[in-house]
Amino acid sequence: FMEESEVKTGDEAGDEAGDEAGDEADEELDGCARCGCPDEEVCCPGFWEDDGVPPFWPLSWVMDPKNPYLNDNRYARMFGNLGFKYFDSRRKAFMGAALAVTVLSILITGFGCFALSTEPRILQSTAWGVADRTYQTANGTELGQVGYIGLRKFVVRTCSRASGSDFNAWGGCVNDVKWWYKAACAPGEDNYYGFPCSDVKTCRFSSINSQFGAFTTCVTLFFAMMGCLTRIRKVADTNFQKFIGCIPDTIGVMTQAQALALFAAGCAEGMPEKDNLGNPINYTVGPGYWCYVFCWFAAVVRVSMHYLTPVPGGGAGCKLEDLEGVAKSAKLAAAIAASRAEQAAAEAAVLAGKGTEKGALIAAGGATKAAAFLGMLGRRTRRALNRNSPIGPQENTSNETPRKGPFGRQEENSNGESLENLIGPREDMSHVASLNGPTEPRDDKPIGTSLDP
């Protein structure tokens, strides 16, 4: 026997079964099918509905999707149409990947940007290059020397206990910090900290020329992140947004690659393998340099996503085509899609309406014939009663129109006269004026001529 608490009524069991089935259906459906829009758009509607146009001039004019100079013209639409529909349909995934590597790049590149610092400890941790060597002084003392190459300054660390190849374990060290613009051989000298004067001059040139690029790269990464946040939303993506996402990043990729190659050539590959005393010199890529290498890689990923992702509704591949129907702006794209959806719905309604109207006409015709048949039966009954009346058959004083039964046989009125068949086939129901259903027929009006609303 089941306990009373375990017994469930049929309604309770049905409700639970319905809830379980509904939960399973919800698991199979995505957020769009359940609530009409993706789940992330429910969480942050203010972000996903933002059109990306600043509310103040002149940026409101620059970012305006209807701007005929920057956005709404043939050449802008051709550029915005570059890309593939596959990336447009998966915009959130690909632009989200670009956004993720950009955010990570901001953190990593920010660390490498500290190579612009003048603090010795910070320079040792964020240097773009490291060079170490061991040598003996004139009195036979063995010393170790490590050079940490920054972009504004460099640190020369001289250690009295330099045993082993790991320069981080050397002891008795003293730091000497120098500005790059002052780094030069004194008159009559042929080396600078054991390096030839010409090589020191080359490395100084590379480091100083990398200062501005390293700083602007860190700053412009925030604008690159804003560009990804804008283009990930269809409502905000425009031809001009694609342009400022592609072209500046393309220039940045090329100039940064050039700057990294210039520094590597000037402060590593172009440096001598031995010092002025013939001792070998070891060169190591610094952590700051690797940070900017990752920044360059992130820029390649980001600019690739910008090129591959067209504006909403576009996607001409690698062709420069100004296709009709390609969205001139995110707002216009949404308007075009809404208009087409309304047109399709209207056409479907018209087709459905035609089918309903035909069915209603057929039903109305059947109802009219049924009403005529009932009227005929009523007249037959009256005729029979009239014949059996004790006062005898009555004269037909009305000018009743001859009628015909619904089965094609002529019927007789009270005077025995034939009735015309006024109920035609279904094809003759075009005279029906209303689809609200027939009313009961009246004896003083021919049946089948019209339907009262």
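Author: Asp176 is partly exposed, with 27% relative accessible area. The model is a predicted one. The side chain of Asp176 meets that of Lys178 in a salt bridge, at 3.8 Å from N to O. Lys178 is partly exposed as well, at 28% relative accessibility.

Within it, Asp88 and Arg91 meet at 2.8 Å, N to O. Asp88 is buried, with 8% relative accessibility. Arg91 is buried too, at 3%.

The whole structure holds eight salt bridges. One of them pairs Arg233 with Asp50, where the closest N and O atoms are 3.8 Å apart. Arg233 sits in the loop between helix H11 (211-231) and helix H12 (239-269), and Asp50 in the loop between H4 and H5, so this pair ties together parts that are 183 residues apart in sequence. Arg233 is buried, at 5% relative accessibility. Asp50 is partly exposed, at 36%.

The loop that holds Asp50 lies between H4 and H5. Pro58 lies in that loop, between helix H4 (45-48) and helix H5 (59-62). The peptide bond from Trp57 to Pro58 is cis, with omega near 10 degrees. Most peptide bonds are trans.

Now the strands. Strand E1 covers residues 129-136, and six of its eight residues are buried, so the rest of the structure largely encloses it. E1 pairs with strand E2 (residues 142-149) in the antiparallel sense, over eight bridges. Tyr135 stands opposite Leu143 in E2. Five residues lie between the strands of this hairpin, and Gly140 takes a positive phi near 90 degrees.

E1 also pairs with strand E7 (residues 282-285). Four bridges join these two strands, which run antiparallel. Here Asp132 stands opposite Asn282.

One more backbone angle deserves a look. Tyr193 has a positive phi of about 55 degrees, although it is not a glycine. Most residues other than glycine have a negative phi. Tyr193 is placed in the loop between strand E5 (191-192) and strand E6 (195-196). Tyr193 counts as partly exposed, at 24% relative accessibility.

How values were computed: Residues are numbered from 1 along each chain as its sequence is written. This is a predicted model: local features need pLDDT of at least 70, side-chain atom pairs count only at pLDDT 80 or more; totals for chains, interfaces and linings use all residues. Side-chain values use heavy atoms; hydrogens and water are left out. Buried means under 20% relative accessible area, exposed over 50%, partly exposed in between (1.4 Å probe, protein chains only). Two strands pair if DSSP finds at least two bridges between them. A salt bridge is a side-chain nitrogen of Lys or Arg within 4 Å of a carboxyl oxygen of Asp or Glu.
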